[in-house]
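Please find below some remarks on the model under review.

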Amino acid sequence: MSNKLPTLRQFQERFASEDACLDHLMVTRYGERHECAKCHRVAKFHRVKARRCYECDFCGAQVYPTAGTPLEATRTSLRDWFTVMFMFCASRNGVSAKEVQRTIGVTYKTAWRMCNLIRQYMGYVDGDNVLGGFDGGIVEADKAFFGGVDKRGEDDKAIVFGAIERGGDVVTQILPSRGARHVMPAIFKWVKQGSRVATDTAGAFREISENGYMHGTVNHSEGEYVSGEIHTNNIEAFWSHVKRSMCGTYVSVSKKWLQTYLWEFEFRQNLRKHPHLMLDLLLQSFPRSER
């Protein structure tokens with residue numbers, strides 16, 4: 001089995017029409033047959049012509065496969081939605097709304113909404129698992145600063161906490177401030193007690209060893225970047241990739257939507273060893289609607 005993302009040609013052959021996309025959603029979310037919510041009989045549902053729904057063979061109750069998903073009530077074709085999801089999975093540096101606008105021929109407003117909903121959905125699919133533990137790898141934690149304008153006496157940058165388990169996942173969280181009163185709760189939330197934690201010598205991390213963690217530091221101000229197993233190279237590499245991509249692809253990202261962009265990069269980072277699963281996970285992880 002190939003460990004590579006499907007090619008554009010393979011993707012287009014798989015989802016060659018609007019009907020193929022809708023059929024995929026129906027089978028993925030409900031299966032070939034399922035119990036009807038109205039008559040409670042296990043039935044096969046058949047497609048209703050000219051509508052994005054399927055009808056129970058026994059009682060005629062209708063099911064909309066797009067209900068409860070980012071595709072609900074959209075007037076944009078499902079094939080276009082699937083194409084944009086493919087673009088997000090195929091890119092390493094992100095996909096701008098202007099690129100989507102040029103590629104599928106929609107308005108900028110529609111393209112931006114599609115991208116925004118897909119990023120939120122990538123965050124839902126990826127989830128956020130706690131890191132480390134007694135049997136886990138070393139967790140590297142760090143803060144990063146995004147956006148804003150550097151002015152003396154003003155700090156208008158967005159502050160982001162990030163942690164990555166070596167060989168494992170990365171998580172990010174926007175913080176109200178850079179101080180320990182906000183950094184430490186983030187560590188408690190995302191890093192299991194008993195974990196080995198590596199950070200720099202920032203004051204916000206000084207209390208880590210007092211709270212059930214094995215804490216090691218490297219002093220960047222003195223030119224120290226590695227001390228045995230202690231370093232923050234992985235989380236800093238993640239920050240570097242995110243910042244270069246945001247600067248090159250998105251140019252500017254507001255604080256309001258910054259977390260959704262971070263979810264996008266988390267999704268790709270956490271599936272970096274399994275790129276062939278990215279698109280299928282996005283196309284199969286829709287929660288089943290109760291409506």
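1. Two strands are taken to pair if DSSP finds at least two bridges between them; strands (E, at least two residues) and helices (H or I, at least four) are DSSP runs numbered from the N terminus. The model is predicted, so that local features need pLDDT of at least 70 and side-chain atom pairs count only at pLDDT 80 or more, while totals for chains, interfaces and linings use all residues. Residues are numbered from 1 along each chain as its sequence is written, and side-chain values use heavy atoms, with hydrogens and water left out.

2. Strand 1 (residues 33-35) pairs with strand 2 (residues 42-47) in the antiparallel sense over three bridges. Glutamate 35 is placed opposite valine 42 of strand 2. Six residues separate the strands of this hairpin, and histidine 40 adopts a positive phi near 60 degrees.

3. Strand 2 also pairs in the antiparallel sense with strand 3 (residues 54-56), over three bridges. Here phenylalanine 45 faces cysteine 56 of strand 3. The hairpin has six residues between its strands, and alanine 50 in the turn shows a positive phi of about 70 degrees.

4. Threonine 172 belongs to strand 7 (residues 170-175). Threonine 172 is buried, at 2% relative accessible area (buried means under 20%, with a 1.4 Å probe and protein chains only).

Note on methods
Buried < 20%, exposed > 50% of the residue type's maximum accessible area, 1.4 Å probe, protein only.
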